[in-house]
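Please look over the sequence and the model before reading on.

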Amino acid sequence: MGVPHFFAGAPEPGQTVVLSAEDAHHAMRSLRLRPGDRFTSSDGQGGLATCRVVRASGLLLEGEVEERIDEARPRPILRVLLSPPKGDRLAWAIQKLVEVGADEIVLVEAGRSVRRWKGDRAGRAKERLGVVGREAAKQARRRFLAEVSGPAPWDQALEDAVDSGPAVVLWERADRGLLDALPSERPEILALAVGPEGGISEEDAVAAGDRGALLASLGPNILRTETAAVAAAAVALARYGRLG
């Protein structure tokens, strides 16, 4: 097991990192960190500090930075456009997408979307899902935090994705598989769009193709929205060497 990982900044060697009260409680009560133990802390932007605990008392855990390194953000940046499934399956999808390496997750409202938020509910939901993503990044010991945004209209999100780089829309009736649809050259940004539980309508699929998106299938099996998102993300990340 590796050393515990947190997102509490990554200052220069000799400086200190102080965990939040919640993280400190977890570090001392569950992980049993004590003075002399080590942990890592990231700034969420590629900076990683290796720290030695110098103080652990109450809800305060302080570490001294022994080493700091920077990592360039891996390419391609993976953006997943996800039509939210019902219930806890959305949180599960966010968690697993972050764990495998997705960099951006955009919640979208497609024609057949069954879950929609309005007003304050959208803000609260995004905040909660951001916490889910942050905890998943800690668990996976990622150096970069994934961004969770939206909800955004399907057309707008897809247009933004196509403008940024290759965009692949997963559609069960596409005539080629995802591996065949992915660009042979490593792009800077790659978007994967996953439709709602009822599937992407033919109208939405055709419109996506007209905008410049690539249509691709994950095979004959009909997957749940969250399963398709994680499976597609893993395929794409492996294709460009981001999964080893």
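The model is predicted: local features need pLDDT of at least 70, side-chain atom pairs count only at pLDDT 80 or more, and totals for chains, interfaces and linings use all residues. Residues are numbered from 1 along each chain as its sequence is written, and side-chain values use heavy atoms, with hydrogens and water left out.

Helices (H or I, at least four residues) and strands (E, at least two) are DSSP runs, numbered from the N terminus. Two strands pair if DSSP finds at least two bridges between them. An open sheet has 5 strands in the order E1-E3-E4-E5-E2, and its pairing is mixed. Strands E1 (5-6) and E2 stand at the edges with a single partner strand each, so one side of each has no neighbour in the sheet. Strand E3 (residues 38-42) and strand E4 (residues 47-57) run antiparallel and are joined by 5 bridges. Ser41 has Ala49 in E4 as its bridge partner.

Helix H1 lies across E1, E4 and strand E5 (60-70), at about 95° to E5. For this angle, axes are lines fitted to C-alpha atoms, for helices over the stretch in contact, and angles run from 0 to 180 degrees between N-to-C directions.

**Leu19**

Leu19 sits in the loop between strand E2 (16-18) and helix H1 (21-30). With a relative accessible area of 4%, Leu19 is buried. Buried means under 20% relative accessible area, exposed over 50%, and partly exposed in between (1.4 Å probe, protein chains only). Contact means heavy atoms within 4.5 Å. Leaving out residues up to four places away in sequence, Leu19 touches Phe6, Ala8, Ala24, Ala27, Phe39 and Leu61. Phe6 is 13 residues from Leu19 along the chain, and their C-alpha atoms are separated by 7.8 Å.

**Backbone geometry**

Most residues other than glycine have a negative phi, and most peptide bonds are trans. The table lists departures from this pattern.

| Site | Backbone feature | Value |
|---|---|---|
| Arg75 to Pro76 | cis peptide bond | omega near 0° |
| Gly150 to Pro151 | cis peptide bond | omega about 5° |
| Arg32 | positive phi | about 60° |
| Arg141 | positive phi | about 55° |

Pro76 is in the loop between E5 and strand E6 (77-82), whereas Pro151 is in strand E8 (residues 147-153). Arg32 lies in the loop between H1 and E3 and is exposed, with a relative accessible area of 54%. Arg141 lies in the loop between helix H3 (120-140) and E8 and counts as partly exposed at 38% relative accessibility.

**Nonpolar cores**

A nonpolar core is a set of buried Ala, Val, Leu, Ile, Met, Phe, Trp, Tyr and Cys residues joined through side-chain atoms within 4.5 Å. The largest has 35 residues, and Leu78, Leu82, Ile94, Leu97 and Leu178 have the most contacts inside it. Elements that each supply at least two residues of this core include E6, helix H2 (89-100), strand E7 (104-109) and helix H7 (225-239). The largest share, 7 residues, comes from H7. A second, separate core has 18 residues, among them Leu81, Ala110, Val169 and Ile200.

Not counting residues up to four places away in sequence, Leu82 touches Leu90, Ala93, Leu97, Val106, Leu107, Val108, Val194, Thr225 and Ala229.
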